[in-house]
Structures are given as C-alpha cells and as structure tokens.
Amino acid sequence: MSGDSAHQGAPRPGVAGVLGVGATGARAARQLASADGVERVVLGGPGDRPEALRASLGDKARIGDPLAGGAAVVVLAGPAGTHVDAARRAIERGAHVVSTSDAIGDVEGLLALDEAARSRGVAIVVGAAFSPGLSCVLATHVSAWVDEVDEIHLARFGTGGPACARQHHRALAGRSVDRRDGAWVRRQGGSGRELAVFPDPVGSLDCYRAALPDAVLLQRAFPDAERITARQAANRRQRLLAVLPMLRRPHPEGRIGAIRVEVRGRRDGVVVGDVVGAIDRPAVAAGAVAGLAARWCLAGRIPPGAAGLAEVVDPVPFLHQLAEHGVRAAVFEGMV
Amino acid sequence: MTLLRRAIAALGIAALIAAGLRIRGTGGTPPQTGGWRELRGPDLR
C-alpha cells in the first residue's frame, strides 16, 4: 500500500515523515530509512521526486502526506517560507517537527510555536541543517572549553540544493540580525567584509553579513554572550548581483561547503578564542543533521518545546553519531 | 536639459565608483601559521 490513507491517525513511534525531498530531504529520508527503530518513512513533496526516492529506498518508504497523521516525527525540508504552517499542522497531530529552514522568518515563526508544542508534549527542532544546525552544535561544544562565553562568530560557505541556493542569494540582499551588547542589530547584507578561515581545502574566504538566523538561535542558548554574529561567504559577482533575481540555474545537488565557528571567552581569567569547523556538501551534512535530530526526537532525547539544536542536544554524543555518518568536525590550531 | 544630462552622468559615475569600491579589496590577512586537524579523542569528551 503506498497511499497516505494507511498512515492517518495517531502518531506511531516507528513512523517518520519527510516533507520536501530535494537534496537535503532525500538525505534525511535515506538516513531515517536505514535507522534502527524506524519502520516506515512517509515521503511527501511536489513532482516525481518522492516516487523516485521511494523506489531507491525500498520497502520502508511510502508516498503520502507526512502531515496527515501517523508520523511521530516530520522532517520539514521544503522551501523557505513553508515551514511554519507545516509545523503547526504537524504538532496539531502530535508529531515532533525537525525544520531545516535557514530563513529568519521561518525560524522566528517556529520558535513562536514553543508554547503550542509544549502543551502537546512535542518538540520542534529549529534550524537542524548544516548552518544553522551543525554550527549550533559546534558552538555549544566549544563553549565548554571556556569558563565564560563572550562572543560567538559563525561563517558559512556553499549551498545545498536549488532551494538552498535561492535562499543563500536572498540572504545576501536581506538584512542581517546580529547580537551586540545585549541588543539586536540589523544591518544590510553584503556589508561587513571579514576574512574567515574554513577547513581545508576551502581555505580563507571573504564573508559578509546576510539574513541568517544563527544568532537568533544561539542567543537563546548563550543569553549572556556580548556578541553573536553570522556571515556567509560570497564572491564579487554574488555581492554585486544579490539584489537581482538569480541569473544562473543553481547546481542541483550543491558542491563543497564549509562552516566555521569561533568562540571567544575567558579561561582561567585569560581571554581565549577557539575555532572549529567542518566541510562537506551542505545538503549531505544538513540531511544527516536533520535525520539524526529526528531520530533523537523518536528516542525521546529532545525535550518538548521549540528550540535550536544548541539548546536541546548534548553535543558530544550528537557529534559522535554524526561522525558515524561521515560528517566530521575539525579544530584550528594556531593563531587566527 | 544640459543640467539634467550632467546630473545623470554624475550619478552614473558615482554609481560605478561605489560599485568598484564595494567589490574590491579583501577582509583581512589569512593566518600565516597553524592549521586544521580533525576533532577527535579528548576534543570530543
């Protein structure tokens, strides 16, 4: 049976749904289908991609509406701007939600569902992708290396699938949201150039302010940090043409990407800075993070409510499990 | 009319200079020492 009628009703512990099976959603679905404890993965989305993915995933996969009921957790991997309504529908049916969106509007809208999620005893994991997502987990992990966190600075390079590339393009023309001295500061995207050193072979790249939600998520986990910023790498053409519609068709699967997290703070009274990062194809890493977050939801390891990964996961076991899926982090040793 | 043409030309030149300034330059100097290594062992406890 492949229709969604088989999945409607109360959430079943072994059933996961994936809404949007592009480059990121397909990876998340693949990871869920191979996980112990997941009996069925319901795939939903436009076009013929869900059917193609179902054929490659085998018996565990079904085509249907992941929001129709029956799924205990739903991974939202559709385009930015679609996640809040979908999450609302999912939690009304008692399902946990894992969102991969990196749009500020989606992140703020999902966090606003916190009370609704708590009242239903379900979790909404916000920003469970490469950045935000792995970047937030790394920030939490590195924060344990200092006694007090003063500043967190994130940078990212690369895009996942076409939807991610379009969001990347929009972000550079949007307004950034950074935390500075206890207040939110919004500045024009494409400004604030800084050279960021990413793990090899990406290397050093100029990064700029952009409409990224990382600071919104990290501020909740680090309310006392004086500065939290996020930037994204861009070349001259991308900066110059950011205000125009995309002139090139995005790469269908994305190419290599990287993230970098710098945490500045005090250790034994001395000001220190630690830098960690990761390289991967963003869609692959984002799918792994989203799939793992969904499995943690199914295992009851994520508390009810809406929050980013920095607030709700223990970073060490999360990073260990991600490494088993080939997503590994690196640390920079030397003067930055 | 002449004044309008000159104003448009001036704005065009200013826009070109602004675009040039915006896309040129670099955000800093890459580190001369150090490097990346995989996060493992004691780093992941």
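Two residues are taken to be in contact if their C-beta atoms, placed from the backbone, lie within 7 Å. Helices (H or I, at least four residues) and strands (E, at least two) are DSSP runs, numbered from the N terminus. Axes are lines fitted to C-alpha atoms, for helices over the stretch in contact, and angles run from 0 to 180 degrees between N-to-C directions. On these terms, helix α10 (residues 282-298) of chain A lies across β1 (9-19), β4 (69-76), β5 (96-99) and β6 of chain A, and runs at about 145 degrees to β4(A).

The model is a predicted one, in which local features need pLDDT of at least 70 and side-chain atom pairs count only at pLDDT 80 or more, whereas totals for chains, interfaces and linings use all residues. Residues are numbered from 1 along each chain as its sequence is written, and chains are lettered from A and ligands numbered from 1 in the order in which they are written.

Chain A contains an open sheet of 7 strands with parallel pairing, in the order β3-β2-β1-β4-β5-β6-β15; two strands pair if DSSP finds at least two bridges between them. The edges are formed by β3 (61-63) and β15 (305-308) of chain A, each of which has a single partner strand, so one side of each lacks a neighbour in the sheet. Neighbouring strands of this sheet are turned against each other by 25 degrees on average, direction ignored. Strand β15(A) is joined in the parallel sense over 4 bridges to β6 (residues 123-126) of chain A, with A306(A) in β15(A) opposite I124(A).

Strand β12 (residues 227-233) of chain A has 6 of its 7 residues buried, so it is largely enclosed by the rest of the structure. A residue is buried if 20 or more other C-beta atoms lie within 10 Å of its own, exposed if 12 or fewer, and partly exposed in between. Strand β7 (residues 148-157) of chain A pairs with β12(A) in the parallel sense over 6 bridges, and L154(A) stands opposite A230(A). Antiparallel pairing links β12(A) to β11 (residues 203-209) of chain A over 3 bridges, where A233(A) is the bridge partner of C207(A). Strand β8 (residues 175-180) of chain A also runs antiparallel to β12(A), with 2 bridges, and R180(A) stands opposite R227(A).

Between the chains, 19 residues of chain B are in contact with 24 residues of chain A. On the chain B side, β1 (35-38) and α1 (2-23) are the elements giving two or more residues, and β1(B) gives the most, with 4 residues. Strand β16 (residues 329-333) of chain A pairs with β1(B) in the antiparallel sense over 4 bridges, and E38(B) is the bridge partner of A330(A).
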